[in-house]
Amino acid sequence: MREYPSEHNKIVSELLDGKFIISPSPLFYKIQELEDDYFEFFTKSFNYNLNIEAEFAYLSSDEVNEKRTRDFTLFLAILSRELDYSGKNFRDKIELGSFDINETEQLLRQSSKWEILEKTTVSEFEKFLKTWRGKNLIVLDGNKFKFTKAVKLFFTFAIEIAEEKLKEKTNEENTNA
Amino acid sequence: MIKLSGKYILKFLQNHYEFVQDAFNYSKPDFIIDIDILEKLIEEYNISNEPKISLSKLIDVKFCRQLPTKDFKINRSYVDFLQFLFDDFTLDLPQTLKERYKTIFELFSALKTETKTSKTTILIQNIINVIDVFLNDIHRQTQRLLSDTESLKVNADEYSDLSKRLEKAVFWIDEYIEPLNKILEKGHPESFYSALVEIQKYTSEKQYIANSFKLKREYKKLYGAVVYARAELDQNLQKLTRELRPLLDRVKSDSIILSGFYHFVENIDYPENYAVPIPSPIKKTKGSAIFKEFHSEAEFFVDQFNYKTSDVYYEEQIEELEWLPDSTYFKEQLLNENKVDDFYLWCFNTLKKHTDEITLSKFFSLTNLLLEDDLVAEYKTDERKIIDLKDASIKIPKVKVYERIPK
């Protein structure tokens, strides 16, 4: 029988809870250290994919079609847009700053894109925040909240979309030329 | 005025500072100003300013000259000075800069082979000049790029369009920062910087071993100019690589994120258009630490025993709603009576007509009419009567009730 690290139980149960494990948590370093073992463990036991990024780790599955993740991405996209429109540096604010829950909800409700958000789980804003706190994407503190480093996953997603679009555009231009 | 004096020009600039600034701004970027605009500026300026200004005065002080197209071109010497005054420099393409400073290599080669003292002195003076102009240009470029990048970063009005911002950032990096870096690159043999290093080496020796005292002094001047230039360039290079480049990279990547999000939101109902799968972190699965396929097979197996629907019994609850008299209706009845001598008895009898079950609550909801403002209650005797209700027996006084006559 193989040896498991003492953090094994915690690592497995947190990840299976759908939580992001974020540096500087000791669990994160343990996962990094045993990257290959854990990768195999989650694939063989659950058919889940273990993703280890520079500052966080999480489980994903191709079979998951989670509307809630789509909702979170929408929320982040529209929040970034509104912050940028109001002349703020959205990335600094999201990566480092903290948000007043009520003010943020107002900001979103005033957005012309609220008509999209109100049809999603974001419409019940506090409940929405609590859901994502459960996944370690958000930290709640009284009437304020902050994003954790795991939010970068969604920035990367946006960069990938934009780059694909740029590629498409260049290809179109080349064909037209 | 026959000869234009420096003092006269400075006085002109001081007297008409605002006008000069307006004309300068309108003439950018080629420093040519349309005749109609210039005339309009003069006209507007003259309304509220003394001494007045005129086209001929502008030509007198050599501020501008008329082109064959009738438009006016601002004098180059003014342009340079005004750019400095208003701290508002135009960006030159680095290629232009590069061409401009190629002369330093030629001058330096000529200096190394020159034997005549007089020619050597002129060559040294020329090199010092080239270095000076170069430093000035680089400084201007860096300042201009820094302030423009700041406005890009804070999303100033003209850059609110996302794609424009991205385009601008990429353009500056490719067309300015990279080539400027090359011109200043330390290791590159053809860079201006390495020319400076060469000159410094050469003059550090020559300032001691040159043939004459006069030449030694000239070489010392050049040495000083080069050492100063290197320090200045280091500072500029630092601004370029440590501040400007990361700033522009940041603007570029921020704009990319925003444009990615833009495509995401626009295609929210057509996820197939994303071309990149949305992140798919798993849902909470704790408590089902079993392989998913096994789970569905087991469910299928168990399901076959679930053919019998279970019986569920509901206990029906009958809700009893007690009828309560409508006080408005009974008040009307009471007023119709004109006057009631025994109010409580009247209540009892009237209720009796509607229901057999006169409870305490029904009785009281009717006797509450006594509290109405427009009714007067009078009772004189201590006589009490007993009435039997369904759920209680009560002793009641004899009360006379009639409508209050409005004042």
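How many residues does the contact take from chain A and from chain B? In this predicted model, which scores ipTM 0.88 and pTM 0.53, 39 residues of chain A and 27 residues of chain B take part in the contact. On the side of chain A that touches chain B, at least two residues each are supplied by α1 (8-16), β3 (56-60), α4 (67-85) and α9 (152-176) of chain A. Of these residues, the largest share, 11 residues, comes from α9(A). By residue class, the side of chain A that touches chain B comprises 18 nonpolar, nine polar and 12 charged residues. For chain B, the average pLDDT is 81, and 87% of the residues score at least 70.

Within chain A, helix α1(A) also packs against helix α2 (residues 26-33), the two axes coming within 10 Å and crossing at roughly 95 degrees. Because angles of 65 to 115 degrees count as roughly perpendicular, α1(A) and α2(A) are described as roughly perpendicular to each other. The residues that make this contact are K10(A), I11(A) and E14(A) on the side of α1(A), and L27(A), K30(A) and I31(A) on the side of α2(A). Taken by class, the contact of α1(A) with α2(A) holds three nonpolar and three charged residues, with no polar residue.

A further element of chain A is an open sheet of three strands, arranged in the order β4-β6-β5 with antiparallel pairing.

The pairing of β4(A) with strand β6 (residues 144-147) of chain A is antiparallel and extends over three bridges. Here S98(A) has K146(A) of β6(A) as its bridge partner, while F99(A) stands opposite F145(A) in β6(A). Strands β5(A) and β6(A), which likewise run antiparallel, are joined by four bridges, and D141(A) stands opposite K144(A) in β6(A). These two strands, β5(A) and β6(A), form a hairpin with two residues between them, and in the turn G142(A) adopts a positive phi of about 65 degrees.

Two helices of chain A lie across this sheet's strands. Helix α6 (residues 101-110) of chain A lies across β4 and β6 of chain A and runs at about 80 degrees to β4(A), whereas helix α8 (residues 125-133) of chain A lies across β5 and β6 of chain A and runs at about 120 degrees to β5(A).

In chain B, helix α2 (residues 17-27) and helix α3 (residues 35-48) pack at an angle of about 160 degrees, with their axes 11 Å apart. Since angles over 145 degrees count as roughly antiparallel, this arrangement makes α2(B) roughly antiparallel to α3(B). The crossing in which α2(B) passes α3(B) is right-handed. Residues F19(B), D22(B), A23(B) and Y26(B) of α2(B) meet I37(B), L38(B), L41(B) and Y45(B) of α3(B).

Conventions. Residues numbered from 1 in each chain as written. Chains lettered and ligands numbered in written order. Predicted model: local features only at pLDDT ≥ 70, side-chain atom pairs only at ≥ 80, totals over all residues. Contact = placed C-beta atoms within 7 Å. Nonpolar A, V, L, I, M, F, W, Y, C, P; charged D, E, K, R; others polar. Axes fitted to C-alpha atoms, helices over the stretch in contact; angles between N-to-C directions. Parallel < 35°, antiparallel > 145°, perpendicular 65-115°, else oblique. Pairing = 2+ DSSP bridges. pLDDT = per-residue confidence, 0-100. Left-handed = near helix turned anticlockwise from the far one by under 90°.
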